[in-house]
Amino acid sequence: MRVLAINDVSCLGKCSLTVAQPIISACGITCNVLPTALLSTHTGGFTGYTFRDLTEDIPSILAHWKTLNIQFDYIYSGYLGSIEQIDLVLLIIREFLSENGTVVVDPVMGDNGTLYSGFTKAYVEKMRSLCRRADFILPNETEACYLSEVPYPLTPKTAEETLRKLQTLCPHPIVTGVMEKNTVSVYYTEDNTIRSYTHENVEGFFCGAGDVFASAFVGCLARGKSPTESIRLSSDFVTNAIRRSAIEVTDKRYGLNFEKELYPFLQKLNEDTVTV
Ligand code: PXL
């Protein structure tokens, strides 16, 4: 199994490729990377960060890969800095996804009801076209609202409406981080029925939590777990990492201490999975 993770490298603040790489590798899956941008930190809460857009490098990277006849079983995209990069991901899917390969799109665009800096309505529209090409999309609550044009925040009733609208884009929408009073839930569809998987909410917002969830989800799927099992395992993993980090991490911008939660997560992943 070979995964291509397309995401940025944020040097500090554990998110994007610096979480996708270790988590997917720990699952026992080859994780190749295509960096979309190089930042000194992520953009959530830091100021004065550097941002080098790597769009220009991508065509020559792809041209080299063509000579190697490389194909990927999973293409997993996250933070894309521009509309042009969305077009490049669509091209990569056409040219490098193996037959029967799987596309997982995390439409990283915003949080807490607003878009991240630099993201526009035109970007949201373009992201819909990438979602249409995906087997699974993993928007957080904010991104789900933007993609489906349902007001933020969601309620249990509007979460259903959002899921149905997202299903018109992609067969398996998975909406993460839906907050209700004292709980946080993942909403998803199973046999066309809307389901949710809920944990007690732990105080504190951590950048990169969505990336930890998405990376674990891709790792579990690639290891042959069903989508529902993958959602449960990944959701338990990220919740345990948030619980630990609520105590251990004083500056939440630096991201989740997920490392020590990897081992119990992998034990559950390995319980009834035969490794090939
Ligand atoms: O985790 C989402 C993310 C990824 N990449 C960059 C970000 C953010 C969220 O702020 O700024 C560069």
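A cavity here is a set of points, on a 1 Å grid over the protein atoms alone, where a 1.4 Å probe fits but cannot get out, and its lining residues have an atom within 4 Å of a point. With that in hand, I will start with the cavity and then go to the pocket and the ligand.

Before that, some housekeeping. This is a predicted model, where local features need pLDDT of at least 70, side-chain atom pairs count only at pLDDT 80 or more, and totals for chains, interfaces and linings use all residues. Residues are numbered from 1 along each chain as its sequence is written, and side-chain values use heavy atoms, with hydrogens and water left out.

The cavity, then. The count comes to 1 cavity of 30 Å³ or more. The largest cavity holds about 50 Å³ of space, a volume being the space filled by probe spheres set on grid points that are joined across faces, edges and corners. Its lining consists of Leu233, Asp236, Phe237, Asn240, Glu261, Pro264, Phe265 and Lys268. Which helix gives the most to this lining? H8 does, with 4 residues. Helix H9 (262-271) also supplies at least two. Helices are DSSP runs of H or I with at least four residues, strands are E runs of at least two, and both are numbered from the N terminus.

Next, the largest pocket. A pocket is an open set of points with protein on both sides within 12 Å along at least five of seven lines. The volume of the largest one is about 950 Å³. It is lined by 48 residues, and the closest to its centre are Asp111, Phe205, Phe206, Ala209 and Gly210. Elements that give two or more residues to this lining include strand S1 (2-12), helix H7 (209-222) and helix H8 (227-248).

Now the ligand's surroundings. How many residues surround the ligand? There are 13, and the closest are Asp8, Ser16, Thr43, Tyr79 and Asp211; a residue is counted if one of its heavy atoms lies within 4 Å of the ligand. Three of these names come back in polar contacts, which are pairs of N or O atoms within 3.5 Å. Aspartate 8 has a polar side-chain atom 2.7 Å from a nitrogen atom of the ligand. For threonine 43, an N or O atom in the side chain is 2.6 Å from an oxygen atom of the ligand. Aspartate 211 places a polar side-chain atom 2.7 Å from a ligand oxygen atom. On its own the ligand has 310 Å² of accessible area, and the protein covers 97% of that, by the Shrake-Rupley method with a 1.4 Å probe.

Methods: Polar contact = N/O pair within 3.5 Å; in protein donor to acceptor, adjacent residues only side chain to side chain.
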